[in-house]
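The sequence and model are shown first.

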Amino acid sequence: MSMLFLVSICISVLSEGVVRASKSEEDLKFYNLVKEGQFTMKCEEMYGEPVRINETENPEIFYSYNCDEDCEECLQPLRFESTKHRTYNECKAECDKNGLGDACKQGCYFLHRFVNSGNGSSGIWYDTRNVTAKGPYLFCRTYTELVVNFDFRLFSDNTAKVEPTTFISFYRLNEKDPWTMLSSVSSELPFYFPNLFKGFTIQISIAIVTAKGLQVKLPFKEFRHVGEWMVTLSDEVHLDPPKGLQAHVRKAGDRFEGHLTWYLAPRSKICDYRIEWRATYLDHWKSEAFEVSHSKHVASTRMYYIVEGLLPMENYTIEVISVASDEKQNKSTICIVTPSLVLGPPENLTLVHLTHLSRNTSTATVTWWPPHNIPIVDHVQEYRLEWSKIPVLNEVFTEPHFDSTWLPAENTSFRVFGLHNGFAYMFKVAAVSSVTGVGTEAVILFNTTETTTKVSSHEDQHVPVLESKALPWMFITGILVAIVCASFVRLTYAFVKKKYGSLSSAVEQFRARCRRERDTIINLI
């Protein structure tokens with residue numbers, strides 16, 4: 001944030017909107033600032049990197065730049081000139097003397113071949129490309145401070161090009177007063193004016209300087225963008241609350257964060273806010289100050305703040321308070337509920353249809369409901385699905401079969417293809433939320449022996465028993481037992497016929513043997 005302090009002496013410098021050729025001390029100061037700004041922007045354009053903090057979706061906006069080492073070397077000739085006017089060769093000698101590289105020499109070339117040559121009686125160059133601008137305008141205020149913003153956009157053949165720019169600022173305290181120039185150039189927005197008083201009135205104007213020179217509007221070379229009159233906060237101004245307060249909960253380790261957004265109080269445009277939050281059931285509360293003037297690169301009136309350390313499964317009341325003084329405050333309130341750290345399983349996971357596509361493969365359709373314990377601050381982003389064949393006899397006589405996929409949150413049914421007939425399968429589904437991540441899995445088991453209509457999984461039944469599947473297995477077992485018994489009888493009959501000739505002969509021989517054994521036992525007695 002650029003710290004710009006007001007100058008107390010008002011001097012007549014320039015006619016409104018027109019650059020005069022007079023060589024007064026104030027004119028020379030302005031021309032030197034233009035040259036300094038143009039030279040600095042040229043070095044940043046050649047060697048700097050754009051600052052991405054304040055990017056917007058519009059590629060046609062001027063951006064601030066960060067200088068790296070080469071950029072700093074390029075700026076060295078400007079420092080040489082500040083002590084004593086030097087020629088191009090003397091400037092190059094200074095670069096060599098200080099052990100600086102080619103960037104420094106390139107700066108000498110630009111400073112002496114371009115900036116110092118100038119254009120016209122003023123000795124400065126002009127950038128005549130069209131620029132649309134808003135402001136400068138009051139961004140926010142307190143009793144003793146003003147934060148002033150400025151929006152502008154470049155129209156050129158290469159609108160996607162990112163280029164740096166800097167500003168020269170002027171102010172006046174009365175409409176009849178001449179403009180007074182602030183003492184330095186700045187490349188940061190918004191502008192910050194401290195150390196004022198209640199009801200202080202001021203008007204700000206801004207000149208834009210690019211790597212091409214002072215930006216002007218033809219044909220009169222108007223260079224100032226003049227803002228409306230701005231006033232610091234006074235006791236007569238009604239202090240309204242912040243507008244559009246919203247909160248989004250995000251998981252952070254074993255706690256949660258509340259990401260707050262709100263818009264500046266639209267009428268009073270107050271800069272200072274206080275954030276207070278407290279839990280409903282636990283002794284857990286905190287209060288923090290938020291000052292817009294301490295936040296750099298403010299791009300819009302939408303403010304952002306993170307409340308940290310929120311406990312799971314708790315109700316919180318959050319207040320964002322517009323603060324002008326201890327007696328003058330107004331607030332907006334929002335309530336949030338932090339969820340459990342673990343999201344519950346999808347409900348009513350059900351096998352609704354199983355179809356044999358061929359002798360070897362099947363397809364199954366499953367449905368489910370979203371988890372019931374999703375709080376209002378959270379939502380399901382997607383579902384993760386897994387299904388696998390259950391091994392038979394410790395993975396003997398079966399090939400492994402595993403697959404997985406994901407579905408968007410609006411889908412709560414899925415059709416599985418490529419299942420192998422005659423095997424049991426396990427199907428799992430888990431919800432994934434934006435706050436708690438992957439939740440608990442819901443599980444259902446089914447087999448593909450024959451088609452079925454509907455099988456559900458319940459919270460107290462992890463392995464549902466399918467009665468429609470029991471009959472085929474019992475029937476097959478009975479057939480196998482009958483075949484084994486028939487084979488045994490047939491083999492026995494063949495053995496008897498071979499040994500005794502016929503079954504009746506075998507019976508007679510068996511009876512005769514029994515009689516002989518009985519007679520022997522009687523004789524022994």
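## A stacked pair between strands

Tyr425 is buried, its relative accessible area being 1%; buried denotes under 20% relative accessible area, exposed over 50% and partly exposed in between, with a 1.4 Å probe and protein chains only. Phe446 likewise counts as buried, at 4% relative accessibility.

The model is predicted: local features need pLDDT of at least 70, side-chain atom pairs count only at pLDDT 80 or more, and totals for chains, interfaces and linings use all residues. Residues are numbered from 1 along each chain as its sequence is written, and side-chain values use heavy atoms, with hydrogens and water left out.

## Aromatic pairs

The structure holds 21 aromatic pairs. Rings of Phe, Tyr and Trp (its six-membered ring) pair if their centres lie within 6.5 Å; planes under 30 degrees apart count as stacked, over 60 as edge-to-face and the rest as tilted. Phe39 and Phe110 are stacked, because their ring centres are 5.9 Å apart and their planes are at 25 degrees. This pair links distant parts of the chain, with Phe39 in helix 1 (residues 25-47) and Phe110 in helix 4 (residues 102-115), 71 residues apart. Helices (H or I, at least four residues) and strands (E, at least two) are DSSP runs, numbered from the N terminus. Both Phe39 and Phe110 are buried.

Tyr425 and Phe446 also form a stacked pair, at 6.3 Å centre to centre and 20 degrees between the planes. Tyr425 belongs to strand 25 (residues 424-433) and Phe446 to strand 27 (residues 442-447), 21 residues apart.

## Cluster

One aromatic cluster is formed by Phe30, Tyr31, Phe170 and Phe223.
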